[in-house]
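Today I open my notebook on charged side chains. I want to see which ones pair up, and where they sit.

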Amino acid sequence: MPRNQNWERRDISSYGPKFRIDTNNPQMGGDGTNVYALYAVTDNKDVNFTGLTETGTYRIWNDRTIEFIAGNKSSSNGIDIVIAGMSGDITITAMRNGAVKIKGKNIVIEADEDIDLKAGRNININGKSRVLLKGNTCETTGLLGNLVPETFGAAAFVGSFVGGDILGGIFKAVAPNVIGTAVDIAIGAKDALSGGPGALISGAAELAASNLKSNLPIDNVVDSTLHVLKSTQDFRESLNSIIPEE
């Protein structure tokens with residue numbers, strides 16, 4: 001126990017078994033000692049804790065739901081709730097399987113510099129009237145899709161003997177899963193063709209699948225496949241580099 005703890009300054013006011021006020025508690029916590037703490041507990045042992053530490057951190061802890069409701073008598077043009085961070089970040093996190101939901105008549109997200117949207121799976125944008133993308137430069141990068149100027153299949157087999165009609169049928173069949181399970185391209189190619197072009201397409205897809213699983217950027221995936229397929233001077237050497245002979 002630290003020698004400089006002054007227990008004489010501590011004051012506890014108890015208002016029955018469910019609520020108390022604790023000031024100047026000298027016990028050291030993660031953010032120093034407490035200036036004050038309000039502690040309340042329900043019959044079901046659900047705890048509510050509010051307090052200020054000597055480091056200036058203000059905490060609200062509640063075992064159940066917290067509600068902020070304002071503006072019942074405000075004008076329609078007024079601002080009811082303001083959350084502002086003067087210097088640092090503002091973080092909103094939904095733990096476990098929760099979702100972060102923002103709902104309103106109009107929603108405006110504004111940044112002085114960048115806005116980044118990242119998702120572990122999909123990003124869906126739905127507009128009943130229109131979706132407008134406006135900027136000095138608009139770019140897309142991907143393997144498949146109608147927004148991709150040159151799909152993976154077209155880039156990989158450009159200048160080869162494999163026609164667009166063959167590629168369209170194969171890559172369209174496996175398009176929904178190409179990112180998550182790129183090896184599906186190879187399966188689709190094997191089902192569509194046998195030997196010759198089919199083996200070449202299958203091998204290229206397997207090479208792409210291997211590179212994708214190694215977290216190689218999409219542009220490099222296409223470039224590495226092109227490097228193999230464009231060795232037209234020695235077709236067998238190119239083919240064997242993709243599909244080893246048994």
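I started with Asp22, which forms a salt bridge with Arg10. The closest N and O atoms are 2.6 Å apart. I noted the rule: a salt bridge is a side-chain nitrogen of Lys or Arg within 4 Å of a carboxyl oxygen of Asp or Glu. This pair links distant parts of the chain, 12 residues apart. Asp22 lies in strand 2 (residues 19-29), and Arg10 in the segment before strand 1 (11-14). Strands (E, at least two residues) and helices (H or I, at least four) are DSSP runs, numbered from the N terminus.

I wrote down how I read the model. It is predicted, so local features need pLDDT of at least 70 and side-chain atom pairs 80 or more, while totals for chains, interfaces and linings use all residues. Residues are numbered from 1 along each chain as its sequence is written, and side-chain values use heavy atoms, without hydrogens and water.

Next I checked exposure. Buried means under 20% relative accessible area, exposed over 50%, partly exposed in between (1.4 Å probe, protein chains only). Asp22 is buried at 9%. Arg10 is partly exposed at 26%.

Then I looked up Asp43 and Lys18, whose side chains meet in a salt bridge at 2.8 Å, N to O. They are 25 residues apart. Asp43 is exposed at 60%, and Lys18 is partly exposed at 39%.

My last pair was Arg64 and Asp46, at 3.1 Å, N to O. Arg64 is exposed at 60%, but Asp46 is buried at 17%.

How many salt bridges does the rule give? I count three.
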